[in-house]
Structures are given as structure tokens and as C-alpha cells.
Amino acid sequence: MAKKRPQTKAGKQQLKDGEIPVVGAREPCPCGSGRRYKACHGRAAAQAVTELVHRPFEGLAGECDWVALRELVPAATVELTLKGGLPEGVPSVTLATVLPMAWPALRRDDGSVLLALQNDTSSGDLSRDLADTLQRALEVEPGTPVAARRVPADGPRLQDLLDPEAAFEPVVHTGFEFWVPDAENATPEVSASLERANAAAIPTVLLSGVDAAYWCETPEKNHLRWVMPHPEEQLLDALARLHAAGTSSLGENTRLVGSFRAHGLVVPVWDLPTSMGAEACEKPAVAFAERLATALASDAPLTAEERRARGGLTNRQVTLS
């Protein structure tokens, strides 16, 4: 015979749904039902934290740059502005691509907060994971790193914590020295982590003439990776029109080779010759943006050649997240 579920004891006060904390999956549910958390209120919580949010940065200022810093850029920082201002004792909050020892966040000795963007997260909503880490970083004692944890399903998101009107202005660094204001007094673990990170960093530059376009240098060739905000189908059509017309490159010996799909946005990628530095990309990128705007405005059906070009671009598309 199947075992009967234990009945809730008479007179035991039960919590309302909004008051029930997150506990271990096999622990008794805090609501007082007598069932394990995973079989009770944990079901909804588990579904909420595993459901993938395809555009976690939608609604934030600089969505395209958020995606780039999450997936493409080795070393960068951005000063963040909180709704309602900074708490007492917190002089600044800075987003960083990564932190030493893979810390999700760090509150420095002076009270300032560093929030890492490229860490693994526990749920399908990157914005909620980062918001939880940020909140905890604002509350820990100075000089304390913040550990990862499972995030409550009903917690706030970055969109709830950050000022949507504030500018989002990435600063790309050549290395990770921003980790340690006083490198001479860094711990051996942090110094070793810094050395490894600097050795692996690919030289990267943010173009100034267009939004969210990042030049990078690799041993065999250089690349331009450009995060674009346009709807995917519309953007692929426009790129196909330009590709079929022979106007999708950024100049001699450059080539549009495909695209990434990351956090709900498309990232076209160009191969560049090793002789083409970031500065040399500026004017061609501005000219391309003008051609793309014209192609995006067209609603004419694709020609047979344009459809072939679109098929080629779609076949070379890689999903990062």
C-alpha cells in the first residue's frame, strides 16, 4: 500500500505564498503542508528558476553592450547607477566582466562593489541571478567576496535595481589590473589569478563611431563582432540584401562570415586582415551602418539570390546562449 502523506497538524499556522522562503528540495516545505519542498511550493520555484529568459537584459540601457560584455569582451568595466542612489557606505557599484577567483561579486575594503557578469548562474534568468548577487554585495561587510547561491524565484531583476535613464558606458581594458588597486599587497591567490587572466585576454577595442561594435585581435586574423538590437528575421533579411549586392564587407580583404545569437540578439562577425586595426574599422563601420539602415527599411520580397545569401548566413549562425 502507498504511504499516506503526513497531515498538517491542527492549529499550525501556515504561511502565505508570498512569505514562503526557499529551502532545500528534500526539506519540509515551510508552508506547513508536511510535504517536501520539491513536491510542494518548490515545484513553482524550480520551474521559475529553470525557465530560460531569452533576453535577460531587455529594458536595460545598453542592452547590446551587456550582451557583448557577457559573451565577447575579456576585460571591461561599467559604472552602474542604482535606482534611488547608492546605500550609505557604498561609494560606487561597478560591473566587471570577471573577477579574481571567479567571485560573483566583491565588496572592497573601501565599501565599493564589483559585480561580475561572466560567472555561471543558477537559473534561466541571468538578470535575476545578477540582481540577487548585487543585493547581497551591497549588504556584506567591506573586504568580503560574495559566493554563488540558488536564487529565489520571486527575487528582483536588474531592471528593478538599476536606473534605466543612466548611461551605460563600457570601458575596455587591456588587462585585469582594475581588480587590485594595490597590486603589491594582493594575496598570492589573487596575483596568480590576475596573471592567468592577463595571459588569456584577447586584445579588444570598442569602436567609437557605432554602438556595441568590438574589434579584437587573434594570431591569424582580426575580427569585428557587432551586437545589433534589430529583430533577428528583419536583420538577417537586411544582411542578405547587402551580401547579395556585394556590400556587406568593411573594405578590401574583409568579409562578413556569419553571426552569433546571444541572449536574444544577433551578433554579425567580420573577418579582417591582421593589418586592419580598430581605428581603421571606424569609417567602414559607420558607412556599413548607413547601408544597413537602408536595407532594414526595405520591405520588398527577397530575390532568389538574396534568399541564397540568407540561407548561407543562417547556416553559419552559432547560438552562444
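Student: Which does C216 count as, buried or exposed?

Tutor: C216 counts as buried, at 2% relative accessibility. Buried here means under 20% relative accessible area, exposed means over 50%, and partly exposed lies in between (1.4 Å probe, protein chains only). A word on the ground rules: this is a predicted model, where local features need pLDDT of at least 70, side-chain atom pairs count only at pLDDT 80 or more, and totals for chains, interfaces and linings use all residues. Residues are numbered from 1 along each chain as its sequence is written, and side-chain values use heavy atoms, with hydrogens and water left out.

Student: How many disulfides does the structure hold?

Tutor: A disulfide is a covalent bond between the sulfur atoms of two cysteines. The structure holds 0 of them, taking a disulfide as a pair of cysteine sulfur atoms within 2.5 Å. C29 is in no disulfide, and its nearest cysteine sulfur belongs to C31, 3.5 Å away. C29 is also buried, with a relative accessible area of 5%. As for C216, its closest cysteine sulfur is in C281, at 9.9 Å, which is too far for a bond.

Student: Which residue stands opposite C216 in strand β9?

Tutor: Strands of a sheet pair through backbone hydrogen bonds, either parallel or antiparallel. Opposite C216 you will find H223 of β9. The pairing of β8 (residues 213–217) with β9 (residues 222–226) is antiparallel and spans 5 bridges. Two strands count as paired if DSSP finds at least two bridges between them. The strands (E, at least two residues) and helices (H or I, at least four) are DSSP runs, numbered from the N terminus.

Student: What is the strand order of the open sheet?

Tutor: Its 6 strands follow the order β7-β8-β9-β11-β10-β12, and the pairing is mixed. At the edges sit β7 (204–206) and β12 (317–319), each of which pairs on one side only. Neighbouring strands of this sheet are turned by 25° against each other on average, direction ignored; the angles use axes that are lines fitted to C-alpha atoms (for helices over the stretch in contact) and run from 0 to 180 degrees between N-to-C directions.

Student: Which strands pair with β4?

Tutor: β2 (residues 93–96) runs parallel to β4, joined by 4 bridges, with L95 opposite L115. β3 (residues 105–107) pairs with β4 in the antiparallel sense over 3 bridges, and L106 has L114 as its bridge partner there. The hairpin of β3 and β4 has 5 residues between the strands, and in it G111 takes a positive phi near 95°.

Student: Which way do the side chains of β4 point?

Tutor: From β4 (residues 113–116), V113 and L115 point one way, while L114 and A116 point the other way, and all are buried.

Student: How many aromatic pairs does the structure hold?

Tutor: A pair of aromatic rings is described by the distance of the centres and the angle of the planes. The structure holds 7 such pairs. Rings of Phe, Tyr and Trp (its six-membered ring) pair if their centres lie within 6.5 Å; planes under 30 degrees apart are stacked, over 60 edge-to-face, and the rest tilted. F176 and F178 have ring centres 6.0 Å apart and planes at 40°, so that pair is tilted. F176 is buried at 4% relative accessibility, and F178 is buried at 18%. For W226 and F288 the centres are 5.9 Å apart and the planes at 55°, so this pair is tilted. W226 lies in β9 and F288 in helix α7 (residues 278–297), so the pair ties together parts that are 62 residues apart in sequence. Both W226 and F288 are buried. Ring pairs also link F57, W66 and F168 into a cluster.

Student: Why is helix α2 called largely enclosed?

Tutor: Of the 9 residues of α2 (residues 63–71), 8 are buried, so the helix is largely enclosed by the rest of the structure. Among the buried ones are E63, D65, W66 and R70.

Student: Where is P152 found?

Tutor: P152 is in the loop between β5 (144–146) and α4 (158–161). With a relative accessible area of 22%, P152 is partly exposed. Its C-alpha atom is 8.8 Å from that of D129, which is 23 residues apart along the chain.

Student: How many helices and strands does the protein have?

Tutor: The protein has 8 helices and 12 strands. Of its 321 residues, 45% count as buried.
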